[in-house]
Every structure is written in structure tokens, then in C-alpha cells.
Amino acid sequence: MTNFEKLAFAPEFAPECASWLYIEWGYRNPAATLADVTQRFLARANTDEVPIAFVAHHGGKPVGTASLVAKEDLSDTYGPWVASVFVPEGYRGMGIARQLIKMAESEAANLGFPKVWLSAAVPMMYEKLGYQLTDQVKHGEPVMVKRLFNPKLRD
């Protein structure tokens with residue numbers, strides 16, 4: 001059975017998850033080391049404020065991660081962002097990313113945010129989850145937005 005929880009409750013998975021992020025997106029900040037990325041990832045070990053990282057684990061090893069962050073880049077003027085969604089190749093197609101994204105969305109709604117944003121390498125995957133394309137592009141990827149459902153939210 002795959003377990004899903006906040007990084008704060010499963011910090012032992014941080015080093016491996018951070019290494020995935022470093023390998024996948026480290027080129028965006030060539031000066032950053034794996035230690036830098038690990039430290040930034042550990043800063044997401046919050047429970048009730050952004051940034052919050054979520055991990056999926058099975059049999060004592062991590063099998064996916066996603067985060068909810070205020071800004072994806074310093075230049076962002078809106079948010080929060082669903083970021084760092086990653087599932088290792090052998091675990092793809094099992095709904096792990098979908099569940100992690102739903103956790104991030106639910107947390108954003110609970111924190112009072114009416115929308116979440118993301119930049120999508122695979123827009124079709126996110127369209128199936130209710131995200132809509134915007135006219136913006138970030139890191140060569142389309143930016144998408146999703147309105148969250150929470151009766152307590154107001155725009």
C-alpha cells in the first residue's frame with residue numbers, strides 16, 4: 001500500500017526526493033548543489049503554511065513528491081504553485097502524481113487560496129485534473145491555473 005503524507009511527518013525521505021528534483025530540474029540553477037536543493041526541500045517540511053512538500057512512499061522508500069509553494073520563481077506575482085511534481089519512472093501510471101497533486105490542492109483550499117498555478121511539461125495530464133492553460137509560459141512550459149472548490153473561499 002502506498003502512503004501519502006506531508007514531508008514534515010516523513011522527513012527521512014527528503015534526501016532521495018531532493019536528489020530527484022536536483023537531477024530533473026537542477027539545470028535551471030546551475031550554481032545550486034545537491035546540498036542546496038536538499039536544504040530548500042527540507043524547508044518545505046511545514047504542516048500548515050506554504051511551502052509544504054508531500055511525499056508518497058511504499059515499502060519504506062519514496063515513490064513520489066509534490067509541493068505547494070508561494071512562488072515558483074522570485075519573479076512570480078501570483079500563487080500558490082503546485083511545484084516539484086515527480087514520480088520515478090518505475091512508479092508512473094499508478095495515480096501517485098494525481099494523488100499528490102490533489103493533496104496540494106486540498107491544502108491550498110484549506111489555507112484559503114482560491115486558485116493554484118503550475119507550469120506543465122505534460123499539459124494534457126493536468127487538463128484531466130481540471131487545470132486550464134493561460135497565455136503565459138515559464139521555463140518553456142505552459143502555465144496552467146485551477147480554481148479550487150471550497151465553500152469558505154471568496155475571490
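Pro80 is placed in the loop between strand 3 and strand 4 of this predicted model. The peptide bond that leads from Gly79 to Pro80 is cis, with omega near 10°. Another cis peptide bond joins Val50 and Pro51, where omega is about 5°. Pro51 belongs to the loop between helix 2 and strand 2. Most residues other than glycine have a negative phi, and most peptide bonds are trans.

Positive phi angles also occur in the model. His139, although not a glycine, has a positive phi of about 55°. This residue is found in the loop between strand 6 (132-138) and strand 7 (141-147). With a relative accessible area of 38%, His139 is partly exposed, because it falls in the range between the limit for buried residues, under 20%, and that for exposed ones, over 50%.

Ser84 likewise has a positive phi, of about 55°, and is not a glycine. Ser84 lies in strand 4. Its relative accessible area is 16%, and it therefore counts as buried, the cut-off being under 20%. The side chain of Ser84 makes a polar contact of 2.9 Å with the side chain of Arg44. Leaving aside residues up to four places away in sequence, Ser84 touches Leu21, Trp25, Arg44, Thr65, Ala66 and Ser67.

Ser84 is also one of the residues nearest the centre of the largest pocket, together with Leu21, Trp25, Ala83 and Val85. The space in this pocket amounts to about 1300 Å³. Rolling a probe the size of a water molecule over the atoms shows where empty space is left. The lining of the largest pocket consists of 44 residues, which divide into 26 nonpolar, 7 polar and 11 charged. Strand 4 gives the most to this lining, with 5 residues. The elements that each supply at least two residues are helix 1 (14-25), helix 2 (34-42), strand 4 (81-86), helix 3 (96-110), strand 5 (115-119) and helix 4 (123-127).

Helix 2, which contributes to that lining, has buried residues at Val37, Thr38 and Phe41. Seen down the axis of helix 2, these buried residues fall within an arc of 100°, so they line one face of the helix. The face turned away from the buried side carries the exposed residues Ala35 and Gln39. The cover over the buried residues of helix 2 includes helix 1, strand 2 (52-58) and strand 3 (61-69).

The side chain of Lys6 makes a polar contact with the side chain of Glu107, at 3.1 Å. A polar atom of the Lys6 side chain also lies 2.5 Å from the backbone oxygen of Thr47. Apart from residues up to four places away in sequence, Lys6 touches Asn46, Thr47, Ile52, Ala53, Phe54 and Glu107. The C-alpha atoms of Lys6 and Leu34 are separated by 21 Å, and these two residues are 28 residues apart along the chain.

Note on methods: Residues are numbered from 1 along each chain as its sequence is written. This is a predicted model: local features need pLDDT of at least 70, side-chain atom pairs count only at pLDDT 80 or more; totals for chains, interfaces and linings use all residues. Side-chain values use heavy atoms; hydrogens and water are left out. On a 1 Å grid over the protein atoms alone, a cavity is a set of points where a 1.4 Å probe fits but cannot get out, and a pocket is an open set with protein on both sides within 12 Å along at least five of seven lines; lining residues have an atom within 4 Å of a point. Grid points are joined across faces, edges and corners, and a volume is the space filled by probe spheres set on the points. Helices (H or I, at least four residues) and strands (E, at least two) are DSSP runs, numbered from the N terminus. Ala, Val, Leu, Ile, Met, Phe, Trp, Tyr, Cys and Pro count as nonpolar, Asp, Glu, Lys and Arg as charged, and the others, Gly among them, as polar. Buried means under 20% relative accessible area, exposed over 50%, partly exposed in between (1.4 Å probe, protein chains only). A polar contact is a pair of N or O atoms within 3.5 Å; within protein, one must be able to donate a hydrogen and the other to accept it, and residues adjacent in sequence count only if both atoms are side-chain atoms. Contact means heavy atoms within 4.5 Å. The arc is that of the directions from the helix axis to the C-beta atoms.
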